[in-house]
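Me: I would like to go through this structure with you, one local feature at a time. Shall we begin?

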Amino acid sequence: MGSQGGTKEESSENGSGIAFFSLFAVQITMLLNAGTVNDQPNRLGVALMTAAMLDEGAGKRTSLEIADAVDYLGANLGAGADLHTSGISLFTPTSKLDDAMGIMADVALHPTFPQNELDRLRKERLTGLLQAHDQPRAIAGAAFRQLVFGKDHPYGRTPSGTEASLKAMTVSDLKSFHSSYYRPNNATVIVVGDVSRERIQKMLTDLYGTWKKGEMSKVHVAAAPQVGPRAVYLIDKSEAPQSELRIGRVGLDRTTKEYFPLTVMNTVLGGSFSSRLNQNLREPHGYTYGAGSSFDFRPSPGPFMAASAVKTDVTDESLTEFMKELNGILLPIPAEELTRAKNYVALGYPGDFQSVQQIAGKLSEMVVYDLPGDYFNTYIDRVLAVTESDVLRAGKASLDTDRLLIVVVGDKTKVEKDVEALGLGPIKNLSIEDVLGKKPVIE
């Protein structure tokens, strides 16, 4: 952190952590240790809806009044949720910090959850579910998630909710989630900007001093079982001009000792524009505008996925090239290519700290995964220290091309015969309704 011109400090005022970093602009993020994994199975979508509703009415202000007040200050206020966390984010000019933080505190502590706003957002989400039936990319994403982790696993569920859960969702559900998880002993406040610790500490005490701790049970997400022998799941999207391809399996968690070797390995495979996958499928073959791969590192093992949208008539050839590169990455990487990948990661890393928002995001990562205080300072050295043997070891620990799940969303009549001829595994046909359920009825 010293290279950024500041220091990280932590406190436990009212049971919440405070990560503070001093730079030119002001960004405040309140991070809650609760996300979509905290949803009850019959109440999917509550975490996301709770976060979305925070600024739809708070204290004595309506949603429009909140928006007008924030705009008048030249600030930006938002809220959201992901798998393991929810958060409220404020970016404001330093001169307007007092007023802006007052609005943020209202949104965090006193949301009113108006029924009319819930009805509006519910309809938007139901419309999104309906539209997904005509979006091959959305179908492929949902199918991959469900097939890799299972529909009942927190990583395999529909985070935005189903038709049934959205229609059953009530204001009481949102108030209950907020009351259960939006508590000081479940929160970390991250401050990045031109403000002293003493000033921000006083403001937080004044605004949040009466915020009461709560009792909550921590959700543990069990590691999903690894996928079985390689199989191809074909989801028919009649007359689709392209085939959406998703290939992958359960990967590793964020704290794995293989994090840096896998980061370098994936940069070679599909994590950059010059990666093997993109250069293969895009440049000499012209099958696609882009192809890539990623390890989604989470508190519990997340997915490894290679993906692309390819022209329908080259679906089989594209799968052949994907498998060629996936097998090839498990072989020794030439020294020049390995060095180029390490330099790509290392030289790009400082760019993640250019704005106060980016720095707050990195500090959020530190909080969520309990990373050591010197993590950012040692990151580049650890990347550059990765060796060929490290990459080979990590690849063997995380990628087995005989145990992969392949999802193809495309025109079955045009691709099934050729894909089956590849012999990648048994073809298992699914319908869009098998993945997304029936089209929701919107009233």
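Me: Is Phe113 buried or exposed?

Reply: This is a predicted model. In it, Phe113 has a relative accessible area of 3%, and because the limit for a buried residue is under 20%, Phe113 counts as buried.

Me: Where does Phe113 lie?

Reply: Phe113 lies in the loop between helix 3 (97-109) and helix 4.

Me: What about the phi of Phe113?

Reply: The phi of Phe113 is positive, about 50°, although Phe113 is not a glycine. Most residues other than glycine have a negative phi.

Me: Which other residue has phi near 50°?

Reply: Asp370, also a residue other than glycine, has a positive phi near 50°. Asp370 is found in the loop between helix 13 (356-368) and helix 14 (375-384).

Me: And is Asp370 buried or exposed?

Reply: Asp370 counts as exposed, at 68% relative accessibility. The limit for that class is over 50%.

Me: Moving to helix 13, what does the side chain of Gln358 reach?

Reply: Gln358 lies in helix 13. The side chain of Gln358 reaches two backbone nitrogens: that of Gln354 at 3.1 Å and that of Ser355 at 3.0 Å.

Me: Which residues is Gln358 in contact with, leaving aside neighbours within four places in sequence?

Reply: With those neighbours left aside, Gln358 is in contact with Gly351, Asp352 and Phe353. Gln358 itself is partly exposed, at 30% relative accessibility.

Me: How far apart are Gln358 and Gln27 in space?

Reply: Their C-alpha atoms are 9.5 Å apart, although Gln358 and Gln27 are separated by 331 residues in sequence.

Me: Now helix packing. At what angle do helix 1 and helix 4 pack?

Reply: Helix 1 (residues 46-53) and helix 4 (residues 115-132) pack at about 130°, and their axes are 11 Å apart. That angle makes helix 1 oblique to helix 4. The crossing of helix 1 past helix 4 is right-handed.

Me: Which residues meet there?

Reply: From helix 1, Leu48, Met49, Ala52 and Met53 take part; from helix 4, they meet Glu117, Leu118, Leu121, Arg122 and Arg125. By class, this contact of helix 1 with helix 4 has 6 nonpolar and 3 charged residues, and no polar ones.

Me: Why would residues three or four places apart in a helix point the same way?

Reply: An α-helix has 3.6 residues a turn, so residues at that spacing point the same way.

Me: How do helix 9 and helix 15 pack?

Reply: Helix 9 (residues 259-269) and helix 15 pack at an angle of about 90°, with 9 Å between their axes. That makes helix 9 roughly perpendicular to helix 15.

Me: Which residues meet in that pair?

Reply: Pro261, Leu262, Val264 and Met265 of helix 9 meet Asp390, Val391, Arg393, Ala394, Gly395 and Ser398 of helix 15. The residues of this contact between helix 9 and helix 15 divide into 6 nonpolar, 2 polar and 2 charged.

Me: How many residues of helix 9 are buried?

Reply: Helix 9 is mostly covered, with 11 of its 11 residues buried. Among them are Tyr259, Phe260, Thr263 and Asn266.

Me: What does Thr263 do within helix 9?

Reply: Thr263 has a relative accessible area of 16% and is buried. A polar atom of the Thr263 side chain lies 2.8 Å from the backbone oxygen of Tyr259. With neighbours within four places in sequence left aside, Thr263 is in contact with Val345 and Tyr379.

Me: Back to helix 15: is Asp390 buried or exposed?

Reply: Asp390 is in helix 15 and counts as buried, at 17% relative accessibility. The side chain of Asp390 makes a polar contact with the side chain of Arg393, at 3.1 Å.

Me: Which residues is Asp390 in contact with beyond four places in sequence?

Reply: Those contacts of Asp390 are with Glu258, Pro261 and Ala385.

Me: And what about Ser389 in helix 15?

Reply: Ser389 is found in helix 15 (residues 388-398) and is partly exposed, at 48% relative accessibility. The Ser389 side chain makes a polar contact with the side chain of Thr387, at 3.0 Å.

Technical notes: Residues numbered from 1 in each chain as written. Predicted model: local features only at pLDDT ≥ 70, side-chain atom pairs only at ≥ 80, totals over all residues. Heavy atoms only, no water. Axes fitted to C-alpha atoms, helices over the stretch in contact; angles between N-to-C directions. Helix = DSSP H or I, 4+ residues; strand = E, 2+ residues; numbered from the N terminus. Parallel < 35°, antiparallel > 145°, perpendicular 65-115°, else oblique. Left-handed = near helix turned anticlockwise from the far one by under 90°. Contact = heavy atoms within 4.5 Å. Nonpolar A, V, L, I, M, F, W, Y, C, P; charged D, E, K, R; others polar. Buried < 20%, exposed > 50% of the residue type's maximum accessible area, 1.4 Å probe, protein only. Polar contact = N/O pair within 3.5 Å; in protein donor to acceptor, adjacent residues only side chain to side chain.
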